[in-house]
Amino acid sequence: MSDTIAAVSTGSQVCAIGIVRMSGGMATDIADKLFSPMSGGKMSDCDDRKLVYGKLNDAQGRLLDICLCTISRAPNSYTGEDTAEFQCHGSPVVLRAVLDAAFSLGARQALPGEFTKRAFLNGRMDLASAEAVADIIDAETAEAARNAAGQLAGAISRRIDDIYNVLTDISSHYHAVLDYPDEDIEDFTLERYRADIARCTETLERLRASYDSGRLMNSGIPAAIVGRPNAGKSSLLNAVLGYDRAIVTNIPGTTRDTIEEKLLLGGVLLRLTDTAGIRETSDEIERMGVSRSRRAMEHAELVLAVIDGSRELTGEDTELIKCAERAPHGIVILSKHDLGSAAAVPETALPVVELSSVTGEGLKELEDTVRELFPEPSAPAGEILTNARQFDAVSRALESMKAAEDAMKNGCTPDIVLTETETAMAALGELTGRTVREEVTNRIFERFCVGK
(Lines give C-alpha, C1' and ligand atoms only; values in the text may rest on other atoms or scores of the structure.)
Protein backbone atom coordinates (compact mmCIF):
# COMPACT_ATOMS: atom_id res chain seq x y z
CA MET A 1 0.00 0.00 0.00
CA SER A 2 2.96 2.35 -0.56
CA ASP A 3 1.48 3.78 -3.76
CA THR A 4 -0.97 6.67 -3.96
CA ILE A 5 -4.43 6.00 -5.37
CA ALA A 6 -6.96 8.42 -6.85
CA ALA A 7 -10.54 8.21 -8.08
CA VAL A 8 -13.66 10.22 -8.75
CA SER A 9 -15.87 9.43 -5.75
CA THR A 10 -19.12 10.94 -7.03
CA GLY A 11 -19.83 8.89 -10.15
CA SER A 12 -19.72 9.80 -13.83
CA GLN A 13 -22.95 11.79 -14.16
CA VAL A 14 -23.25 15.58 -14.33
CA CYS A 15 -23.90 16.88 -10.81
CA ALA A 16 -23.52 20.04 -8.74
CA ILE A 17 -20.38 18.90 -6.93
CA GLY A 18 -17.83 16.28 -7.92
CA ILE A 19 -15.11 14.92 -5.67
CA VAL A 20 -11.70 13.57 -6.63
CA ARG A 21 -10.16 11.64 -3.76
CA MET A 22 -6.53 10.63 -3.22
CA SER A 23 -4.90 8.46 -0.56
CA GLY A 24 -1.28 7.50 0.01
CA GLY A 25 2.13 8.94 0.76
CA MET A 26 2.10 11.37 -2.19
CA ALA A 27 -1.45 12.72 -1.67
CA THR A 28 -0.43 15.92 0.10
CA ASP A 29 2.48 16.54 -2.28
CA ILE A 30 0.19 16.16 -5.32
CA ALA A 31 -2.33 18.52 -3.71
CA ASP A 32 0.46 21.10 -3.27
CA LYS A 33 1.38 20.87 -6.95
CA LEU A 34 -2.18 21.07 -8.29
CA PHE A 35 -3.97 23.38 -5.86
CA SER A 36 -3.17 27.00 -4.88
CA PRO A 37 -5.10 28.44 -1.90
CA MET A 38 -6.50 31.92 -2.53
CA SER A 39 -5.12 32.91 0.87
CA GLY A 40 -1.60 32.02 -0.24
CA GLY A 41 0.76 29.29 0.93
CA LYS A 42 0.39 25.58 0.26
CA MET A 43 -2.10 22.89 1.23
CA SER A 44 0.60 21.17 3.28
CA ASP A 45 0.64 24.27 5.52
CA CYS A 46 -3.11 24.05 6.18
CA ASP A 47 -4.84 22.39 9.12
CA ASP A 48 -6.29 18.89 8.77
CA ARG A 49 -9.90 18.58 7.58
CA LYS A 50 -10.17 22.28 6.77
CA LEU A 51 -11.87 23.23 3.51
CA VAL A 52 -9.65 25.64 1.59
CA TYR A 53 -10.82 27.80 -1.34
CA GLY A 54 -8.45 28.11 -4.28
CA LYS A 55 -7.41 27.43 -7.87
CA LEU A 56 -7.00 23.91 -9.23
CA ASN A 57 -4.54 23.57 -12.12
CA ASP A 58 -3.26 20.66 -14.14
CA ALA A 59 0.41 19.60 -14.09
CA GLN A 60 1.21 22.20 -16.78
CA GLY A 61 -0.29 25.00 -14.70
CA ARG A 62 -3.47 25.40 -16.76
CA LEU A 63 -6.55 26.34 -14.73
CA LEU A 64 -9.09 23.53 -14.38
CA ASP A 65 -11.47 24.85 -11.72
CA ILE A 66 -12.01 27.23 -8.81
CA CYS A 67 -12.96 24.90 -6.01
CA LEU A 68 -12.27 23.59 -2.51
CA CYS A 69 -9.58 21.26 -1.22
CA THR A 70 -9.06 19.47 2.09
CA ILE A 71 -6.32 17.22 3.43
CA SER A 72 -6.25 14.73 6.32
CA ARG A 73 -2.94 13.41 7.58
CA ALA A 74 -2.26 9.86 8.71
CA PRO A 75 -3.40 8.20 10.84
CA ASN A 76 -6.43 10.43 11.42
CA SER A 77 -8.07 9.99 8.03
CA TYR A 78 -10.65 7.67 6.50
CA THR A 79 -7.99 5.33 5.13
CA GLY A 80 -5.41 5.83 7.87
CA GLU A 81 -3.07 7.35 5.27
CA ASP A 82 -2.48 10.91 4.07
CA THR A 83 -5.52 11.86 2.01
CA ALA A 84 -6.56 14.81 -0.12
CA GLU A 85 -9.88 15.67 -1.74
CA PHE A 86 -10.75 18.20 -4.42
CA GLN A 87 -14.39 19.31 -4.25
CA CYS A 88 -14.98 20.57 -7.79
CA HIS A 89 -17.92 21.60 -9.92
CA GLY A 90 -19.55 18.39 -11.07
CA SER A 91 -18.55 18.32 -14.74
CA PRO A 92 -17.33 14.83 -15.76
CA VAL A 93 -14.85 16.52 -18.12
CA VAL A 94 -13.34 18.59 -15.30
CA LEU A 95 -13.20 15.62 -12.93
CA ARG A 96 -11.48 13.50 -15.58
CA ALA A 97 -8.92 16.24 -16.18
CA VAL A 98 -8.21 16.51 -12.43
CA LEU A 99 -7.80 12.75 -12.22
CA ASP A 100 -5.43 12.72 -15.20
CA ALA A 101 -3.39 15.48 -13.56
CA ALA A 102 -3.06 13.39 -10.40
CA PHE A 103 -2.00 10.38 -12.48
CA SER A 104 0.67 12.45 -14.25
CA LEU A 105 2.19 13.23 -10.85
CA GLY A 106 2.45 9.62 -9.72
CA ALA A 107 -0.98 8.53 -8.48
CA ARG A 108 -2.77 5.53 -9.98
CA GLN A 109 -6.43 4.65 -10.50
CA ALA A 110 -8.02 3.27 -7.34
CA LEU A 111 -9.65 -0.15 -7.59
CA PRO A 112 -13.28 -0.73 -6.50
CA GLY A 113 -13.45 -0.43 -2.71
CA GLU A 114 -9.74 0.29 -2.36
CA PHE A 115 -10.15 3.32 -0.10
CA THR A 116 -12.31 1.34 2.34
CA LYS A 117 -10.03 -1.69 2.01
CA ARG A 118 -7.09 0.46 3.10
CA ALA A 119 -9.17 1.73 6.02
CA PHE A 120 -9.72 -1.90 7.07
CA LEU A 121 -6.08 -2.94 6.58
CA ASN A 122 -4.89 0.11 8.50
CA GLY A 123 -7.20 -0.65 11.44
CA ARG A 124 -9.56 2.28 10.90
CA MET A 125 -12.56 -0.07 10.79
CA ASP A 126 -13.24 -3.77 11.07
CA LEU A 127 -14.64 -5.95 8.29
CA ALA A 128 -18.27 -5.82 9.45
CA SER A 129 -18.17 -2.02 9.46
CA ALA A 130 -16.46 -1.99 6.06
CA GLU A 131 -19.23 -4.15 4.57
CA ALA A 132 -21.73 -1.69 6.02
CA VAL A 133 -20.22 1.06 3.84
CA ALA A 134 -21.32 -0.83 0.72
CA ASP A 135 -24.69 -1.64 2.28
CA ILE A 136 -25.46 1.97 3.10
CA ILE A 137 -24.61 3.00 -0.48
CA ASP A 138 -26.81 0.22 -1.91
CA ALA A 139 -29.70 0.69 0.58
CA GLU A 140 -33.08 0.90 -1.15
CA THR A 141 -35.20 1.55 1.95
CA ALA A 142 -34.85 3.81 4.99
CA GLU A 143 -34.95 0.66 7.12
CA ALA A 144 -31.95 -0.86 5.30
CA ALA A 145 -30.07 2.45 5.50
CA ARG A 146 -30.62 2.68 9.27
CA ASN A 147 -29.39 -0.85 9.79
CA ALA A 148 -26.32 -0.25 7.63
CA ALA A 149 -25.58 2.96 9.52
CA GLY A 150 -25.83 1.06 12.78
CA GLN A 151 -23.38 -1.55 11.50
CA LEU A 152 -21.05 1.20 10.29
CA ALA A 153 -21.15 2.61 13.82
CA GLY A 154 -20.09 -0.81 15.12
CA ALA A 155 -23.32 -2.31 16.50
CA ILE A 156 -22.62 -5.89 15.35
CA SER A 157 -18.89 -5.57 16.00
CA ARG A 158 -19.53 -4.60 19.62
CA ARG A 159 -21.69 -7.69 20.14
CA ILE A 160 -19.07 -9.91 18.54
CA ASP A 161 -16.21 -8.27 20.45
CA ASP A 162 -18.05 -8.81 23.74
CA ILE A 163 -18.30 -12.54 23.02
CA TYR A 164 -14.73 -12.72 21.72
CA ASN A 165 -13.38 -11.04 24.85
CA VAL A 166 -15.31 -13.35 27.18
CA LEU A 167 -14.00 -16.42 25.36
CA THR A 168 -10.47 -14.97 25.38
CA ASP A 169 -10.67 -14.53 29.17
CA ILE A 170 -11.81 -18.14 29.60
CA SER A 171 -9.07 -19.49 27.34
CA SER A 172 -6.31 -17.37 28.87
CA HIS A 173 -7.31 -18.39 32.40
CA TYR A 174 -7.23 -22.08 31.48
CA HIS A 175 -3.85 -21.87 29.74
CA ALA A 176 -2.35 -19.75 32.54
CA VAL A 177 -3.20 -22.43 35.12
CA LEU A 178 -1.93 -25.15 32.78
CA ASP A 179 1.35 -23.42 31.87
CA TYR A 180 2.20 -21.95 35.27
CA PRO A 181 1.09 -24.51 37.89
CA ASP A 182 3.38 -23.05 40.55
CA GLU A 183 2.04 -19.51 40.25
CA ASP A 184 -0.63 -18.14 42.57
CA ILE A 185 -3.44 -18.27 39.98
CA GLU A 186 -7.04 -18.99 40.87
CA ASP A 187 -8.02 -22.58 39.98
CA PHE A 188 -9.80 -22.98 36.67
CA THR A 189 -13.32 -24.46 36.86
CA LEU A 190 -15.83 -24.70 34.04
CA GLU A 191 -18.69 -24.02 36.43
CA ARG A 192 -17.40 -20.49 36.98
CA TYR A 193 -17.90 -19.72 33.28
CA ARG A 194 -21.14 -21.61 32.64
CA ALA A 195 -23.31 -18.47 32.72
CA ASP A 196 -20.87 -16.56 30.48
CA ILE A 197 -20.93 -19.30 27.85
CA ALA A 198 -24.73 -19.47 27.98
CA ARG A 199 -24.97 -15.69 27.53
CA CYS A 200 -22.66 -15.78 24.53
CA THR A 201 -24.69 -18.58 22.97
CA GLU A 202 -27.91 -16.64 23.47
CA THR A 203 -26.46 -13.53 21.78
CA LEU A 204 -25.32 -15.58 18.79
CA GLU A 205 -28.76 -17.18 18.50
CA ARG A 206 -30.39 -13.74 18.34
CA LEU A 207 -27.93 -12.58 15.71
CA ARG A 208 -28.44 -15.65 13.54
CA ALA A 209 -32.23 -15.39 13.86
CA SER A 210 -32.05 -11.83 12.48
CA TYR A 211 -30.67 -12.98 9.12
CA ASP A 212 -33.96 -13.94 7.48
CA SER A 213 -35.46 -10.49 8.00
CA GLY A 214 -32.13 -8.81 7.17
CA ARG A 215 -31.76 -10.68 3.88
CA LEU A 216 -35.28 -9.76 2.82
CA MET A 217 -34.80 -6.16 3.98
CA ASN A 218 -31.74 -5.72 1.78
CA SER A 219 -32.63 -7.75 -1.31
CA GLY A 220 -36.41 -7.37 -1.27
CA ILE A 221 -39.25 -9.79 -0.58
CA PRO A 222 -40.03 -12.15 -3.49
CA ALA A 223 -43.68 -11.52 -4.32
CA ALA A 224 -45.86 -12.96 -7.08
CA ILE A 225 -49.08 -11.57 -8.57
CA VAL A 226 -51.17 -14.58 -9.62
CA GLY A 227 -54.66 -15.05 -10.95
CA ARG A 228 -56.78 -16.20 -13.87
CA PRO A 229 -56.36 -14.53 -17.27
CA ASN A 230 -57.79 -10.99 -17.37
CA ALA A 231 -58.23 -10.84 -13.60
CA GLY A 232 -56.39 -7.52 -13.41
CA LYS A 233 -52.87 -8.66 -12.53
CA SER A 234 -50.97 -6.47 -15.00
CA SER A 235 -53.22 -3.49 -14.20
CA LEU A 236 -52.32 -3.96 -10.53
CA LEU A 237 -48.60 -4.05 -11.37
CA ASN A 238 -48.90 -0.83 -13.37
CA ALA A 239 -50.92 0.82 -10.59
CA VAL A 240 -48.44 0.09 -7.80
CA LEU A 241 -45.46 1.02 -10.02
CA GLY A 242 -47.10 4.27 -11.11
CA TYR A 243 -46.46 3.74 -14.82
CA ASP A 244 -47.44 1.30 -17.60
CA ARG A 245 -44.89 -1.48 -17.25
CA ALA A 246 -47.11 -4.32 -18.50
CA ILE A 247 -49.39 -4.42 -21.55
CA VAL A 248 -53.05 -4.41 -20.54
CA THR A 249 -55.86 -5.46 -22.92
CA ASN A 250 -59.28 -7.08 -22.65
CA ILE A 251 -57.89 -10.15 -24.42
CA PRO A 252 -57.21 -12.99 -21.96
CA GLY A 253 -53.67 -14.37 -22.00
CA THR A 254 -51.88 -11.14 -22.97
CA THR A 255 -49.08 -11.80 -20.46
CA ARG A 256 -47.14 -14.83 -21.70
CA ASP A 257 -44.00 -14.45 -19.57
CA THR A 258 -43.14 -13.21 -16.09
CA ILE A 259 -42.36 -9.51 -15.60
CA GLU A 260 -40.20 -8.60 -12.61
CA GLU A 261 -39.81 -5.20 -10.95
CA LYS A 262 -38.54 -3.87 -7.62
CA LEU A 263 -40.71 -1.36 -5.79
CA LEU A 264 -41.56 0.00 -2.36
CA LEU A 265 -45.09 -0.87 -1.25
CA GLY A 266 -46.09 0.32 2.19
CA GLY A 267 -42.41 1.02 2.85
CA VAL A 268 -41.58 -2.64 2.16
CA LEU A 269 -39.16 -3.50 -0.66
CA LEU A 270 -40.75 -6.09 -2.95
CA ARG A 271 -39.31 -8.04 -5.89
CA LEU A 272 -42.68 -8.20 -7.59
CA THR A 273 -43.37 -10.66 -10.41
CA ASP A 274 -46.41 -10.30 -12.68
CA THR A 275 -47.24 -13.74 -14.01
CA ALA A 276 -49.18 -15.23 -16.89
CA GLY A 277 -52.82 -16.01 -16.18
CA ILE A 278 -53.16 -19.50 -14.72
CA ARG A 279 -55.49 -21.69 -16.76
CA GLU A 280 -55.50 -24.84 -18.85
CA THR A 281 -54.50 -24.00 -22.44
CA SER A 282 -53.44 -25.74 -25.65
CA ASP A 283 -51.20 -22.82 -26.66
CA GLU A 284 -47.61 -24.03 -26.15
CA ILE A 285 -46.19 -20.55 -25.43
CA GLU A 286 -48.96 -19.68 -22.99
CA ARG A 287 -48.54 -23.10 -21.31
CA MET A 288 -44.84 -22.30 -20.72
CA GLY A 289 -45.89 -18.97 -19.20
CA VAL A 290 -48.37 -20.70 -16.88
CA SER A 291 -45.61 -23.10 -15.79
CA ARG A 292 -43.38 -20.14 -14.91
CA SER A 293 -46.28 -18.58 -13.01
CA ARG A 294 -46.62 -21.67 -10.84
CA ARG A 295 -42.88 -21.71 -10.14
CA ALA A 296 -42.95 -18.01 -9.18
CA MET A 297 -45.81 -18.72 -6.80
CA GLU A 298 -43.97 -21.66 -5.21
CA HIS A 299 -40.86 -19.57 -4.51
CA ALA A 300 -42.61 -16.39 -3.42
CA GLU A 301 -42.52 -15.12 0.13
CA LEU A 302 -45.72 -13.17 -0.62
CA VAL A 303 -48.48 -14.24 -3.02
CA LEU A 304 -51.01 -11.68 -4.21
CA ALA A 305 -53.99 -13.73 -5.43
CA VAL A 306 -55.91 -11.43 -7.80
CA ILE A 307 -59.59 -12.23 -8.40
CA ASP A 308 -61.90 -10.33 -10.73
CA GLY A 309 -64.25 -8.82 -8.16
CA SER A 310 -66.77 -7.78 -10.83
CA ARG A 311 -67.54 -11.44 -11.61
CA GLU A 312 -68.72 -14.33 -9.51
CA LEU A 313 -66.11 -16.47 -7.82
CA THR A 314 -65.04 -19.58 -9.81
CA GLY A 315 -63.51 -22.88 -8.81
CA GLU A 316 -60.19 -21.73 -10.26
CA ASP A 317 -60.34 -18.64 -8.04
CA THR A 318 -60.93 -20.81 -4.99
CA GLU A 319 -57.94 -23.00 -5.90
CA LEU A 320 -55.73 -19.90 -6.28
CA ILE A 321 -56.72 -18.75 -2.81
CA LYS A 322 -55.73 -22.15 -1.44
CA CYS A 323 -52.35 -21.82 -3.16
CA ALA A 324 -51.88 -18.38 -1.59
CA GLU A 325 -52.74 -19.84 1.82
CA ARG A 326 -49.86 -22.31 1.43
CA ALA A 327 -47.36 -19.49 0.85
CA PRO A 328 -45.50 -17.93 3.80
CA HIS A 329 -47.66 -14.81 3.34
CA GLY A 330 -50.65 -14.14 1.11
CA ILE A 331 -53.23 -11.47 0.29
CA VAL A 332 -56.47 -11.95 -1.63
CA ILE A 333 -57.17 -9.00 -3.92
CA LEU A 334 -60.65 -8.42 -5.34
CA SER A 335 -59.85 -6.29 -8.38
CA LYS A 336 -61.95 -4.09 -10.72
CA HIS A 337 -63.92 -2.59 -7.84
CA ASP A 338 -64.87 0.29 -10.17
CA LEU A 339 -66.97 -2.17 -12.20
CA GLY A 340 -69.03 -3.29 -9.21
CA SER A 341 -68.74 -6.10 -6.69
CA ALA A 342 -70.19 -9.39 -7.87
CA ALA A 343 -67.74 -11.77 -6.20
CA ALA A 344 -68.58 -12.83 -2.69
CA VAL A 345 -65.68 -12.27 -0.29
CA PRO A 346 -64.06 -15.71 -0.10
CA GLU A 347 -63.78 -17.63 3.15
CA THR A 348 -60.10 -17.46 3.98
CA ALA A 349 -57.77 -16.61 6.83
CA LEU A 350 -55.82 -14.34 4.49
CA PRO A 351 -56.41 -10.58 4.45
CA VAL A 352 -58.78 -9.51 1.66
CA VAL A 353 -58.40 -6.16 -0.13
CA GLU A 354 -60.93 -4.73 -2.58
CA LEU A 355 -59.37 -2.27 -5.02
CA SER A 356 -59.54 -0.63 -8.41
CA SER A 357 -56.34 -0.23 -10.40
CA VAL A 358 -58.16 2.38 -12.52
CA THR A 359 -59.31 4.74 -9.75
CA GLY A 360 -56.66 3.84 -7.18
CA GLU A 361 -59.32 2.97 -4.60
CA GLY A 362 -57.98 0.35 -2.18
CA LEU A 363 -54.28 0.79 -3.02
CA LYS A 364 -53.62 2.49 0.32
CA GLU A 365 -55.28 -0.44 2.09
CA LEU A 366 -53.04 -2.81 0.14
CA GLU A 367 -49.96 -0.85 1.24
CA ASP A 368 -51.09 -0.98 4.88
CA THR A 369 -51.73 -4.73 4.64
CA VAL A 370 -48.25 -5.40 3.24
CA ARG A 371 -46.73 -3.31 6.04
CA GLU A 372 -48.67 -5.33 8.63
CA LEU A 373 -47.44 -8.61 7.13
CA PHE A 374 -43.81 -7.42 7.10
CA PRO A 375 -43.27 -5.14 10.12
CA GLU A 376 -39.88 -3.66 10.86
CA PRO A 377 -37.51 -6.15 12.55
CA SER A 378 -37.59 -6.03 16.35
CA ALA A 379 -33.79 -6.15 16.62
CA PRO A 380 -32.07 -2.79 17.14
CA ALA A 381 -30.84 -1.08 13.96
CA GLY A 382 -27.34 -2.29 13.17
CA GLU A 383 -27.76 -5.68 14.86
CA ILE A 384 -29.44 -7.39 11.91
CA LEU A 385 -27.30 -9.70 9.78
CA THR A 386 -27.70 -8.88 6.10
CA ASN A 387 -25.26 -11.02 4.14
CA ALA A 388 -24.50 -14.70 3.77
CA ARG A 389 -20.87 -14.37 4.87
CA GLN A 390 -21.84 -12.91 8.23
CA PHE A 391 -24.59 -15.51 8.65
CA ASP A 392 -22.16 -18.36 7.93
CA ALA A 393 -19.59 -17.07 10.44
CA VAL A 394 -22.20 -16.61 13.19
CA SER A 395 -23.74 -20.04 12.43
CA ARG A 396 -20.40 -21.81 12.76
CA ALA A 397 -19.60 -19.94 15.97
CA LEU A 398 -23.02 -20.82 17.41
CA GLU A 399 -22.58 -24.48 16.49
CA SER A 400 -19.27 -24.57 18.37
CA MET A 401 -20.73 -22.76 21.39
CA LYS A 402 -23.58 -25.27 21.60
CA ALA A 403 -21.05 -28.08 21.35
CA ALA A 404 -19.15 -26.49 24.24
CA GLU A 405 -22.33 -26.33 26.32
CA ASP A 406 -23.11 -29.98 25.54
CA ALA A 407 -19.57 -30.97 26.51
CA MET A 408 -20.01 -29.20 29.85
CA LYS A 409 -23.34 -30.92 30.49
CA ASN A 410 -21.78 -34.30 29.71
CA GLY A 411 -18.94 -33.73 32.17
CA CYS A 412 -16.17 -33.50 29.59
CA THR A 413 -12.75 -32.19 30.57
CA PRO A 414 -12.03 -28.45 30.22
CA ASP A 415 -9.71 -28.95 27.24
CA ILE A 416 -12.57 -30.37 25.15
CA VAL A 417 -14.82 -27.45 26.04
CA LEU A 418 -12.04 -24.96 25.31
CA THR A 419 -11.40 -26.54 21.91
CA GLU A 420 -14.98 -25.71 20.93
CA THR A 421 -14.87 -22.12 22.28
CA GLU A 422 -11.62 -21.46 20.44
CA THR A 423 -13.21 -22.75 17.23
CA ALA A 424 -16.05 -20.29 17.87
CA MET A 425 -13.51 -17.49 18.31
CA ALA A 426 -11.94 -18.29 14.94
CA ALA A 427 -15.36 -18.06 13.24
CA LEU A 428 -16.15 -14.76 14.95
CA GLY A 429 -12.75 -13.46 13.92
CA GLU A 430 -13.73 -14.04 10.31
CA LEU A 431 -16.80 -11.84 10.76
CA THR A 432 -14.88 -8.83 12.08
CA GLY A 433 -11.68 -9.49 10.15
CA ARG A 434 -9.39 -10.66 12.94
CA THR A 435 -8.71 -13.97 11.22
CA VAL A 436 -10.09 -13.47 7.72
CA ARG A 437 -8.21 -14.87 4.71
CA GLU A 438 -6.85 -12.53 2.05
CA GLU A 439 -8.94 -13.97 -0.79
CA VAL A 440 -12.11 -13.46 1.27
CA THR A 441 -11.11 -9.85 1.93
CA ASN A 442 -10.50 -9.23 -1.78
CA ARG A 443 -13.87 -10.73 -2.71
CA ILE A 444 -15.69 -8.52 -0.21
CA PHE A 445 -14.24 -5.27 -1.55
CA GLU A 446 -14.74 -6.20 -5.20
CA ARG A 447 -18.44 -5.39 -4.86
CA PHE A 448 -17.73 -1.80 -3.83
CA CYS A 449 -17.96 1.11 -6.24
CA VAL A 450 -14.84 2.89 -7.48
CA GLY A 451 -13.95 5.85 -5.28
CA LYS A 452 -15.19 4.26 -2.08
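Search the whole structure and you'll find four aromatic pairs. Keep in mind that this is a predicted model.

Take one pair to start with. A pair of aromatic rings is described by the distance of the centres and the angle of the planes. For Phe35 and Phe86, the centres are 6.3 Å apart and the planes meet at 35°, so this pair counts as tilted. Tilted is the label for whatever falls between stacked, under 30 degrees, and edge-to-face, over 60.

| Charged residue | Ring | Distance to ring centre |
|---|---|---|
| Arg21 | Phe115 | 5.3 Å |
| Arg434 | Tyr164 | 3.9 Å |

Now for a sheet. Six strands form an open sheet in the order S9-S10-S8-S11-S12-S13, and their pairing is mixed. Which strands stand at the edges? They are S9 (259-265) and S13 (352-354); each has a single partner strand, so one side of each lacks a neighbour in the sheet. On average, neighbouring strands here are turned by 25° against each other, ignoring direction.

Strands of a sheet pair through backbone hydrogen bonds, either parallel or antiparallel. Strands S8 (residues 221-227) and S11 (residues 302-308) run parallel and are joined by five bridges. In one of the links between these strands, Ala223 has Leu302 of S11 as its bridge partner.

Helices pack on this sheet as well. Helix H11 (residues 315-326) touches S8, S11 and strand S12 (329-335), and its direction makes about 165° with that of S11. Helix H12 (residues 363-373) lies across S9, S10 (268-274), S11, S12 and S13, at about 170° to S12.

Last stop: helix H15 (residues 438-445). Its buried residues include Val440, Thr441, Ile444 and Phe445. Why do they share a side of H15? Because they cover an arc of only 125° around the axis. An α-helix has 3.6 residues a turn, so residues three or four places apart point the same way. What do the buried residues of H15 pack against? Their partners are helix H3 (114-121), helix H4 (127-138) and helix H13 (388-409). On the face turned away from the buried side, H15 carries Glu438 and Arg443, which are exposed.

Methods:
Residues numbered from 1 in each chain as written. Predicted model: local features only at pLDDT ≥ 70, side-chain atom pairs only at ≥ 80, totals over all residues. Heavy atoms only, no water. Phe/Tyr/Trp six-rings, centres within 6.5 Å; stacked < 30°, edge-to-face > 60°. Lys NZ or Arg CZ within 6 Å of the ring centre and 35° of its normal. Pairing = 2+ DSSP bridges. Helix = DSSP H or I, 4+ residues; strand = E, 2+ residues; numbered from the N terminus. Axes fitted to C-alpha atoms, helices over the stretch in contact; angles between N-to-C directions. Contact = heavy atoms within 4.5 Å. Buried < 20%, exposed > 50% of the residue type's maximum accessible area, 1.4 Å probe, protein only. Arc of directions from axis to C-beta.
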